[in-house]
Amino acid sequence: MSEPKAPKIEFPCDYVIKVIGNAAPDFTDFVVEVVERHAPGIDESRISVNESSKGRFSSVQLTIVATGEPQLKALFEELKASGRVHMVL
């Protein structure tokens, strides 16, 4: 049996990104700054931040308008290359 293929995303579309990293006072600002370079015009009302129960980690969830796979790939790579981000979902 063949594996079912993941559904194709039709661009442009709203795309939710969750970024997890070490908690720091400027982590949210850092994430928003990087994301703005790749997807300008983030709606600040669609940004949410959660801290882990012990306060070691922070997750920033935001919605962008994704224009294509190259944009998403470049965004994910820049976030991961920063050394501040553990995971991008």
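This is a predicted model: local features need pLDDT of at least 70, side-chain atom pairs count only at pLDDT 80 or more; totals for chains, interfaces and linings use all residues.
Four strands form an open sheet in the order S2-S3-S1-S4, and their pairing is antiparallel. Strand S2, covering residues 47–51, and strand S4, covering 85–88, are found at the edges; each has a single partner strand, so one side of each is left without a neighbour in the sheet. On average, and with direction ignored, neighbouring strands of this sheet are turned by 20 degrees against each other. Strands of a sheet pair through backbone hydrogen bonds, in either a parallel or an antiparallel manner.

Two of the strand pairs can be followed residue by residue. Strand S1, residues 13–22, runs antiparallel to S4 and is joined to that strand by three bridges. Within this pair, Gly21 stands opposite Val85 of S4. S2 and S3 are likewise paired in the antiparallel sense, here over five bridges, and Val49 has Val60 in S3 as its bridge partner. The hairpin made by S2 and S3 has five residues between the strands, and Gly55 there adopts a positive phi near 80 degrees.

The loop between S2 and S3 also holds Arg56. With a relative accessible area of 56%, Arg56 is exposed, since the threshold for that class is over 50%. Once neighbours within four places in sequence are left aside, Arg56 is in contact with Gly21, Asn22 and Ala23. Arg56 and Ser45, by comparison, are eleven residues apart in sequence, and their C-alpha atoms lie 25 Å apart in space.

Turning to the helices, H1 and H2 (residues 69–81) pack at an angle of about 150 degrees, and their axes are 9 Å apart. Because angles over 145 degrees count as roughly antiparallel, that makes H1 roughly antiparallel to H2. The crossing in which H1 passes H2 is right-handed. On the H1 side, the residues that meet H2 are Phe30, Val34, Val35, Arg37 and His38, while H2 brings Gln71, Ala74, Leu75, Glu78 and Leu79 to the contact. Sorted by class, this contact of H1 with H2 comprises six nonpolar, two polar and two charged residues.

Technical notes
Residues are numbered from 1 along each chain as its sequence is written. Side-chain values use heavy atoms; hydrogens and water are left out. Two strands pair if DSSP finds at least two bridges between them. Axes are lines fitted to C-alpha atoms, for helices over the stretch in contact, and angles run from 0 to 180 degrees between N-to-C directions. Angles under 35 degrees count as roughly parallel, over 145 as roughly antiparallel, 65 to 115 as roughly perpendicular and the rest as oblique. A crossing is left-handed if the near helix is turned anticlockwise from the far one by less than a right angle, and right-handed if clockwise. Contact means heavy atoms within 4.5 Å. Ala, Val, Leu, Ile, Met, Phe, Trp, Tyr, Cys and Pro count as nonpolar, Asp, Glu, Lys and Arg as charged, and the others, Gly among them, as polar. Buried means under 20% relative accessible area, exposed over 50%, partly exposed in between (1.4 Å probe, protein chains only).
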